[in-house]
Amino acid sequence: MEAKQHFLFKVKEGKLEVSFALEKFDASVTEEFKHELDTIWDDSIHAAVVDMSRLSLIDSSGVGALLSLRKRLGAGEASITLIQPQPMVVRVLKMLRLQRV
């Protein structure tokens, strides 16, 4: 039985591109996310683009995984851009005041 891939990571010219193949970014998949991130990580990465168009839900574990990605990028000009977050995801991020982190 083949395991389903929940995330797609690509690194191109110092930019990490992440897309989700699932609807929920929660505690059931954050360890897998972190493991895959560890596998692909390269110190030349200075920005991340996260396609959230398929996510309808994010919980505190998912938020924590995004914050750990932000921390890994470091200070300064590093940035994370969220692409097409769904209304519920936006609501959670705004509630936590993370729209500008």
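Biologist: Which residue of β6 is the bridge partner of D51?

Modeller: This is a predicted model, in which residues are numbered from 1 along each chain as its sequence is written. Local features need pLDDT of at least 70 and side-chain atom pairs count only at pLDDT 80 or more, while totals for chains, interfaces and linings use all residues, and side-chain values use heavy atoms, with hydrogens and water left out. Strands here are DSSP runs of E, at least two residues long, and helices are runs of H or I, at least four long, numbered from the N terminus. Strand β4 (residues 47-51) runs parallel to β6 (residues 79-83), the two being joined by 5 bridges, and the partner of D51 in β6 is I83.

Biologist: In what order do the 4 strands form the open sheet?

Modeller: Strand β2 (residues 15-20) runs parallel to β4 through 5 bridges, where two strands pair if DSSP finds at least two bridges between them. The edge strands, each pairing on one side only, are β1 (7-12) and β6. The pairing is mixed, and the order is β1-β2-β4-β6.

Biologist: What angle does the direction of α2 make with that of β6?

Modeller: Helix α2 (residues 60-73) packs on the sheet and touches β2, β4 and β6, contact meaning heavy atoms within 4.5 Å. Axes are lines fitted to C-alpha atoms, for helices over the stretch in contact, and angles run from 0 to 180 degrees between N-to-C directions. For α2 and β6 the angle is about 145 degrees.

Biologist: What phi does G74 take?

Modeller: Helix α2 has 14 residues and reaches 20 Å from its first C-alpha to its last. Just after α2, G74 takes a positive phi of about 90 degrees.

Notes. Expected span 1.5 Å × (residues − 1).
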